[in-house]
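Q: Please take a close look at one part of this model. I would like a connected account of its aromatic packing and the helix involved.

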Amino acid sequence: MARRIAPLRLVPVSGLALCLAGCIGGSPTEHRAPQRATMDRLAPAPSSRQCLAELGQSQANFTTLPDQYYGAGCSTVNTVRLSWLRSDDAHLQLANLGPVTCPLAEALQGWARYGVDRAARLAMGSPLQRIETFGSYNCRNIAGSDHRSAHATANAIDIAGFILADGRHVSIKGDWNEGSPATRNFLHIIRASACKRFSVVLSPDYNPAHRDHFHLEVGAPHTVCH
């Protein structure tokens, strides 16, 4: 006698439905709680390990962070928290900086040391001491669009200004157009050097939304320098 095979029973996967529902919608500027994180025991990809090794060789001080997925196109994957960067002979402080991807941290380290600090010494007569920022990760869209900003994946930093070792404060908002000739020259030099290290650089010359900062971004498919 042939064996009877019981029909397959499909069990609803309610957890998956809940996950999909939670990953759709929401305000573009909302700061979302992480939905899941990669497990610490999972090894990073080879490219991530190489980036972290090169960042360590640059003598930047950083802590690796667990991967976080916030939904709706927002995440912090392969990110680090920078404590300081390294110039030729000193630590460079950072203000208001959140998580950044390792490639962004590596580009920032190179720009700070070889672009900003050395330009400050030549153009301003003083080394760089601190870089002031408006932050990095932010789950939001590009202003005036329905596309996610590079900030939503921690691939962008907004630079507000600089503190020199002699105490002078260089502000992009105050000095880009109205600073002394030396200060304006310094800011234009470092904008040009940023364009060699980042895929997107937006300055006050781009539009009024960037009147007070440099937007520095990595990973864009096309290079932009304004």
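How many aromatic pairs does the count come to?

A: The count comes to five aromatic pairs. Rings of Phe, Tyr and Trp (its six-membered ring) pair if their centres lie within 6.5 Å; planes under 30 degrees apart are stacked, over 60 edge-to-face, and the rest tilted. This is a predicted model, where local features need pLDDT of at least 70, side-chain atom pairs count only at pLDDT 80 or more, and totals for chains, interfaces and linings use all residues. Residues are numbered from 1 along each chain as its sequence is written, and side-chain values use heavy atoms, with hydrogens and water left out.

One of the pairs is F162 with F186. Their geometry is edge-to-face: 5.8 Å centre to centre, with 75° between the planes. The pair links distant parts of the chain, with F162 in strand 9 (residues 156-164) and F186 in helix 5, 24 residues apart. Helices (H or I, at least four residues) and strands (E, at least two) are DSSP runs, numbered from the N terminus. F162 has 0% relative accessibility, so it counts as buried. Buried means under 20% relative accessible area, exposed over 50%, partly exposed in between (1.4 Å probe, protein chains only). F186 is also buried, at 0%.

W176 and F214 form another edge-to-face pair: 5.6 Å centre to centre, 85° between the planes. W176 lies in the loop between helix 4 (172-175) and helix 5, and F214 in strand 12 (residues 214-217), so this pair ties together parts 38 residues apart in sequence. Both W176 and F214 are buried.

W111, F162, F186 and F198 form one aromatic cluster.

Now helix 5 itself. T183, F186, L187, I190, R191, S193 and A194 are buried there. Seen down the helix axis, these buried residues fall within an arc of 165°, so they line one face of helix 5. The arc is that of the directions from the helix axis to the C-beta atoms.
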